[in-house]
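Biologist: Please show me the model, and then we can go through it by question and answer.

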Amino acid sequence: MDFRLGQKSDALRARTAAFLDEVLTEEMLERCYRTGTNHDSDFAKALAAEGLLALDWSPELGGGGRDGAELLGYREEMQRRNAPVYAIGTTMTVSHVIALMGTTEQRDEIVPKALRGEIVIALGFTEPENGSDAAAAATRAERSGDGWRINGSKMFTTNAQIADYVFMLARTNPEVSKHRGLTTFLVPLDQPGVEVQEVRTMSGERTNITFYNDVFVSDAWRIGDVDGGWNVMGAAFMHEHTAAFVGEQIRLVDAFTAWAREARSEDERPRAEDPAIRERIGRSHTEIEVSLLLQRRAVTRGVDDLDAHGRGSMAKLFSTERLELQADQTLELVGPDGLRAWGDPTTLQDGEIEHAVRNAKGTTIYAGTSEIQRNIIAQHVLGLPRPY
Amino acid sequence: MDVNPSAEQRQLLAAFAALYAAGAPPEVVREAEPLGHSPQLWQSLLDTDALGMAVPEHAGGHGATLLDLALVAEQHGRHVAPAPLVEAQVAARLLATLGESAADLVSDVLTGRRLVTLAVRPARAGHAELVPAGAVADAVVALRGEALVLVPTAGRASAVTTLGSQPLADVTITDDDEVLAAGPAAVAAFSHAVDEWRVLTAAALTGLAARALEIGVAYVLERKAFDRTLGSFQGVAHPLADRASEVDGCELLVHEAAWADDEDPARFPELAAMALGFAAETARDTSYYALHFHGGYGFMLEYPIQLYFRRARSWGAVLESPQASFRRVADLRMASESRMSEAG
């Protein structure tokens with residue numbers, strides 16, 4: 001056994017840290033918080049120019065050819081610093097599928113731009129009437145001339161307001177069982193019939209509901225086979241390990257510790273001497289360590305591992321459930337002053353603690369709810385029957 | 001990053017798995033209660049050189065790493081084995097660091113002539129309380145002020161019946177007890193030994209939790225309720241999925257802590273405290289749900305799961321609560337952050 005990430009990973013972490021020192025400004029972070037849009041196109045282009053994009057793609061596809069263990073140093077540093085990588089992540093995931101499975105035309109149009117950080121692709125799976133059960137998608141795509149007419153709506157189409165395309169799962173055959181009648185399309189958003197309606201969330205993050213009213217999509221933008229959408233989804237997310245949320249935990253405990261060192265109790269003692277506060281700090285560091293280890297194991301054991309799916313779920317489940325407890329308990333231990341909100345001039349520690357309470361709740365819901373992760377673990381790791 | 005045991009470590013695991021399967025089935029664990037000691041099992045552990053492996057070669061042992069010992073301790077925990085393995089190994093390693101002054105003692109320990117254990121909490125006011133293995137040991141190594149002393153148990157140790165059926169004893173310490181070492185070096189050696197005990201106890205608790213989870217899963221796969229397999233209810237499956245994540249995380253944390261003894265000594269004390277706190281809670285929660293999903297049967301003495309439930313709450317508590325382990329993590333982390341900010 002060896003718990004070092006290795007020289008290559010450490011070197012990549014150092015390069016990432018140096019890049020972030022230079023490019024990730026306070027203003028950029030503040031703008032992401034304020035607008036709720038976790039994307040900055042200058043940042044994305046700089047990342048591409050620095051050769052820090054598509055690190056996990058094979059060199060033949062224009063990527064960096066790095067393995068999971070090497071990438072850990074990069075990923076962990078990005079998380080720790082809260083770099084705006086959400087839209088970059090969805091864009092690169094979809095572009096990778098296109099690089100692997102797309103037509104020549106699709107590849108030529110999308111991949112070079114994605115590799116330069118010049119386009120944004122949003123995900124369109126969830127709908128108002130279905131979330132975790134993605135295969136229940138009701139948005140219809142019907143044949144029309146040399147293309148398709150799309151009618152329906154997608155929920156939580158995050159970044160649609162800045163995106164060029166939405167990667168959409170639509171029902172092309174309502175006559176067969178639900179997994180078999182789905183097709184994926186890359187739908188250009190800048191066209192008649194598409195409406196993007198802003199949805200604000202408790203964390204300040206902006207997302208959207210998007211409506212599609214007789215939107216025409218050329219058959220050239222169909223990804224994969226007709227009625228083969230579920231296979232494309234599988235290919236898109238097969239290489240994506242469900243990730244742990246570690247950066248949020250680190251930023252919270254750092255803010256909490258900094259506060260505890262400065263703040264004084266009624267009898268003028270540093271709050272850091274309070275045993276309950278020390279216990280929470282130690283617990284948080286322990287949970288961060290376990291989250292990192294679960295994530296590192298999920299990544300380094302490789303995708304061929306039969307249990308890999310369940311291992312990624314463990315990292316996501318553990319890290320987000322513990323993050324929620326950390327946020328609530330930290331707020332309670334800080335006391336009334338913890339209520340001072342991000343953006344208020346009197347807030348503590350740049351609002352990190354108050355914001356964590358708002359933000360943590362979402363993490364156990366999106367990217368696969370805790371219930372979905374538990375179902376996966378119960379079935380794939382524990383060998384229990386499909387739970388109901 | 002490699003989280004897999006080596007080929008040699010897998011052999012070691014298999015050997016001890018076989019030893020415990022033969023020597024510590026639930027009937028043996030039960031028969032050994034309430035003292036919690038099986039002389040036959042202990043003898044077979046001695047015959048397998050379970051103590052010799054823990055001691056460096058220069059002191060007459062075979063120089064296993066703490067990680068090797070942690071893998072063995074996990075097997076020990078899986079069987080909630082009634083033998084003082086962890087305490088005796090840690091005490092032997094501590095004695096081996098003391099050089100000539102303890103050479104005869106180490107030799108006695110390795111040949112099985114004397115069973116020596118460690119009082120993991122410093123003696124206070126002439127007493128070392130709830131000393132692990134104190135009820136079956138010939139002598140106890142204890143920290144009295146700044147001195148490591150050797151305390152014979154004859155007439156000085158009184159066994160205590162406890163929740164987890166461990167051979168614990170309250171031991172009287174006197175000013176006349178033989179001093180093995182004294183001063184800051186002795187205190188540091190004791191502190192390191194206690195950290196080793198934290199890691200190996202955490203390893204045993206991890207094995208306990210992993211096995212309790214297996215027992216719970218096997219039961220809910222077998223039992224039916226309302227015409228369905230019990231394990232197909234989310235109310236049952238989901239708490240088990242949470243525990244599975246914690247057990248896996250716990251095992252990784254314990255391995256990292258044990259690995260750090262040699263490979264990352266600056267982080268070893270912090271990781272040791274993390275490991276014990278997290279393992280104690282993981283064993284507690286896993287045994288809670290594994291027993292609970294047995295329904296009333298889990299509460300019966302006849303079912304093995306209660307053996308796990310009681311020990312999950314006892315093994316680490318002899319030293320400290322999870323809360324205290326986590327406070328120690330904060331103490332160590334905040335002290336190191338202060339040093340870094342002063343230096344930087």
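Modeller: Two residues are in contact if their C-beta atoms, placed from the backbone, lie within 7 Å. This is a predicted model, in which local features need pLDDT of at least 70 and side-chain atom pairs count only at pLDDT 80 or more, while totals for chains, interfaces and linings use all residues. Residues are numbered from 1 along each chain as its sequence is written, and chains are lettered from A and ligands numbered from 1 in the order in which they are written.

Biologist: Which helix gives the most to the side of chain A that touches chain B?

Modeller: In the interface, 37 residues of chain A are in contact with 40 residues of chain B. Helices (H or I, at least four residues) and strands (E, at least two) are DSSP runs, numbered from the N terminus. Helix H9 (275–300), helix H10 (308–334) and helix H12 (370–380) of chain A each give two or more residues to this side. The most, 15 residues, comes from H9(A).

Biologist: How many residues on that side of chain A are nonpolar?

Modeller: Ala, Val, Leu, Ile, Met, Phe, Trp, Tyr, Cys and Pro count as nonpolar, Asp, Glu, Lys and Arg as charged, and the others, Gly among them, as polar. The side of chain A that touches chain B has 10 charged and 6 polar residues, and its nonpolar residues number 21.

Biologist: Are H7(B) and H9(B) roughly parallel or roughly antiparallel?

Modeller: The axes of helix H7 (residues 184–222) and helix H9 (residues 268–292) of chain B come within 8 Å and cross at roughly 25°. Axes are lines fitted to C-alpha atoms, for helices over the stretch in contact, and angles run from 0 to 180 degrees between N-to-C directions. Angles under 35 degrees count as roughly parallel, over 145 as roughly antiparallel, 65 to 115 as roughly perpendicular and the rest as oblique. H7(B) and H9(B) are therefore roughly parallel.

Biologist: Is A:Thr183 buried or exposed?

Modeller: A:Thr183 lies in strand E5 (residues 182–188) of chain A. A residue is buried if 20 or more other C-beta atoms lie within 10 Å of its own, exposed if 12 or fewer, and partly exposed in between. Leaving out residues up to four places away in sequence, A:Thr183 touches residues including A:Ala141, A:Arg222 and A:Asp227. With 22 C-beta neighbours inside 10 Å, A:Thr183 counts as buried.
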